[in-house]
Number of protein chains: 2
Amino acid sequence: MASGELDPGDRSPRLLKIAEVADELGLTTRAVRYYEELGLLKPAARSEGSYRLFDDDDLERLRFIRGLRDDAGFSLAEIGRMLEDEEARERNRARFRTTTDLEERRTILRDALIRVDRQHVSLLGKADRIAAMISEVESRRDHLQRHLADLEAGRTPRHADPGS
Amino acid sequence: MASGELDPGDRSPRLLKIAEVADELGLTTRAVRYYEELGLLKPAARSEGSYRLFDDDDLERLRFIRGLRDDAGFSLAEIGRMLEDEEARERNRARFRTTTDLEERRTILRDALIRVDRQHVSLLGKADRIAAMISEVESRRDHLQRHLADLEAGRTPRHADPGS
DNA sequence: GTCAACCTTAACGTGCACGGCAAGGTTTGA
DNA sequence: TCAAACCTTGCCGTGCACGTTAAGGTTGAC
């Protein structure tokens with residue numbers, strides 16, 4: 001292979017510069033640097049001239065951050081705590097692979113489960129409360145639709161009121 | 001009935017002062033005033049000495065605001081837009097009650113439906129994205145739990161790894 | 001009436017999540 | 001090799017959502 005630029009078995013050692021990352025994820029370079037400042041992220045590498053270089057895991061992580069921020073509305077501080085849990089999980093993975101002691105493995109797994117459960121509960125709480133608001137809105141919608149159907153059918157509704 | 005403090009047929013004409021409202025809803029008085037500043041809310045009345053006085057509708061409205069802010073993570077600007085829709089809906093209710101023209105009633109109802117649908121879609125979008133994050137977390141959880149069950153049963157897992 | 005506990009407006013302060021420079025170093029294509 | 005286009009750190013600025021303080025007016029129990 002001449003210069004190794006398109007090896008099909010290549011484990012995508014493609015590293016992106018900050019603007020490419022930001023562009024890809026719909027963030028700004030400033031935001032990405034800010035997340036690093038806060039310790040939410042550490043780019044895979046730096047170039048010779050200290051340019052930040054990001055790999056696929058970094059992109060994953062940034063997507064996760066963006067999701068928690070935009071979709072779930074968590075603060076960067078909360079996200080930070082979640083990611084610390086993720087990191088503890090990663091460290092556990094490493095320890096897990098290097099031990100053969102069954103009891104230690106059980107401990108590591110139980111620990112990981114607790115951490116994942118925390119994120120789970122956190123998200124379920126959000127989901128529940130949003131679901132409650134949705135059903136509230138839906139009941140208003142249904143109410144309106146019944147009235148409208150009554151009118152369309154030429155019927156006189158039992159009580160005329162588009163709200164409630 | 002002596003002093004009318006517990007008339008069962010009473011339409012609760014009880015008006016609350018700002019600290020009572022804040023206390024009831026877990027907000028601060030500053031926040032409530034700020035929401036009024038932004039036009040999200042207008043207290044039902046003012047006392048002789050211009051104390052703000054809130055009625056049950058105001059409390060409802062504040063609960064809605066709090067829900068959209070805390071649970072759904074909307075900005076106060078977005079909430080403002082939603083509440084403008086609510087107000088248009090209220091105006092429509094008034095118009096609806098004073099008209100007998102069926103065509104106008106249909107128009108008002110359809111308008112109200114569109115507004116409610118906008119809130120609906122907005123919330124469903126949030127719910128979807130959160131659901132996606134939840135199932136991501138759940139699959140990690142399940143994975144962990146299978147490994148743990150394997151270990152508890154003394155079996156050797158097919159691949160030892162506490163991560164995703 | 002009077003006093004503590006509440007309220008008012010007005011104003012400035014604060015934490016978060018970046019935005020937007022400046023002053024310089026790095027990459028890269030022609 | 002050299003200029004345009006990128007990147008770096010550093011630092012001050014900004015919008016949002018309030019917190020806090022100041023200076024005073026209002027309420028309600030005594």
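The crossing of α5(A) and α5(B) is left-handed, a term for a near helix turned anticlockwise from the far one by less than a right angle. Helices here are DSSP runs (H or I, at least four residues), numbered from the N terminus. The axes of α5(A) and of α5 of chain B (residues 102–152) come within 7 Å and cross at roughly 165°; axes are lines fitted to C-alpha atoms over the stretch in contact, with angles from 0 to 180 degrees between N-to-C directions. α5(A) is therefore roughly antiparallel to α5(B), the term for angles over 145 degrees. The residues of this helix contact divide into 32 nonpolar, eight polar and 16 charged.

The model is predicted: local features need pLDDT of at least 70 and side-chain atom pairs pLDDT 80 or more, whereas totals for chains, interfaces and linings use all residues. Residues are numbered from 1 along each chain as its sequence is written, and chains are lettered from A and ligands numbered from 1 in the order in which they are written.

Across the chains, 42 residues of chain A are in contact with 42 residues of chain B (C-beta atoms, placed from the backbone, within 7 Å). On the chain A side, α3 (56–71), α4 (76–98) and α5 (102–152) each give two or more residues, and α5(A) gives the most, with 30 residues.

Around DNA strand D there are 19 residues, of which A:Ala19, A:Arg52, B:Ala31, B:Gly49 and B:Leu76 come nearest; a residue is near the strand if its C-beta atom, placed from the backbone, lies within 6 Å of it. The largest share of this surface, three residues, comes from α2(B).

Notes. Contact = placed C-beta atoms within 7 Å. Parallel < 35°, antiparallel > 145°, perpendicular 65-115°, else oblique. Nonpolar A, V, L, I, M, F, W, Y, C, P; charged D, E, K, R; others polar.
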